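Please look at the sequence and the model before reading on.

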Amino acid sequence: MNAENRKVSDSIVETVHIVRPNHLNAVGRLFGGILMQWIDEVAALTAKRHAHMNVTTASVDNLRFLKGAYQNDVIIITGKITYAGRTSMEVQADTYIEDLEGRRIHINQAFFTMVALDENDKPAPVPGLLLETEEERTAWERAALRRKMQNRKK
């Protein structure tokens with residue numbers, strides 16, 4: 001790990017999309033592939049903010065579609081770092097529909113493993129993660145457990 005640790009809050013990303021007709025599948029809901037693209041972009045931006053270098057998606061874990069989204073829905077996607085290893089980071093991406101009053105309904109969650117890349121596209125060390133809250137420590141512990149389970153599958 002690099003000597004410099006960074007806070008979870010240093011790399012939080014939030015994007016806003018509106019579901020347009022070209023984003024719909026055959027049954028009139030937001031096409032899952034479009035949402036996956038948007039989520040992957042948020043995960044990459046989050047990891048780039050933490051690492052201060054290019055990144056690539058290594059894996060996606062626990063991608064769960066909890067509820068559909070429809071034309072004209074406002075989609076909010078948030079990303080935050082939950083774990084930092086030697087060259088990889090876990091990003092939690094959450095997707096919400098935001099109503100006219102600003103209330104958010106959680107519709108999707110995924111965990112991305114992102115790998116930092118040096119100028120030769122080789123894995124590079126990332127900064128450590130400074131955990132400031134109990135919520136961040138719990139997220140780290142859960143991420144470490146997911147990582148352990150993934151390594152068992154190999």
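## Two loop residues

At 55% relative accessibility, Asp121 counts as exposed, a term for residues over 50% relative accessible area, computed with a 1.4 Å probe on protein chains only. Asp121 lies in the loop between strand E6 (104-117) and strand E7 (127-130), where strands are DSSP runs of E with at least two residues and helices are runs of H or I with at least four, numbered from the N terminus. Although Asp121 is not a glycine, its phi is positive, about 60°.

His52, in the loop between helix H1 (32-51) and E3, has a positive phi near 60° and is likewise a residue other than glycine. With 54% relative accessibility, His52 counts as exposed. Most residues other than glycine have a negative phi.

## Basis of the model

The model is predicted, with local features needing pLDDT of at least 70 and side-chain atom pairs counting only at pLDDT 80 or more, while totals for chains, interfaces and linings use all residues. Residues are numbered from 1 along each chain as its sequence is written, and side-chain values use heavy atoms, leaving out hydrogens and water.

## The largest pocket

A pocket is an open set of points on a 1 Å grid over the protein atoms alone, where a 1.4 Å probe fits, with protein on both sides within 12 Å along at least five of seven lines, and its lining residues have an atom within 4 Å of a point. The largest pocket is lined by 12 residues, and Ser59, Ser88, Thr113, Arg147 and Gln150 lie nearest its centre. Helix H2 (134-153) is one of the elements that supply at least two lining residues, and H2 gives the largest share, 4 residues.

Key: Buried < 20%, exposed > 50% of the residue type's maximum accessible area, 1.4 Å probe, protein only.
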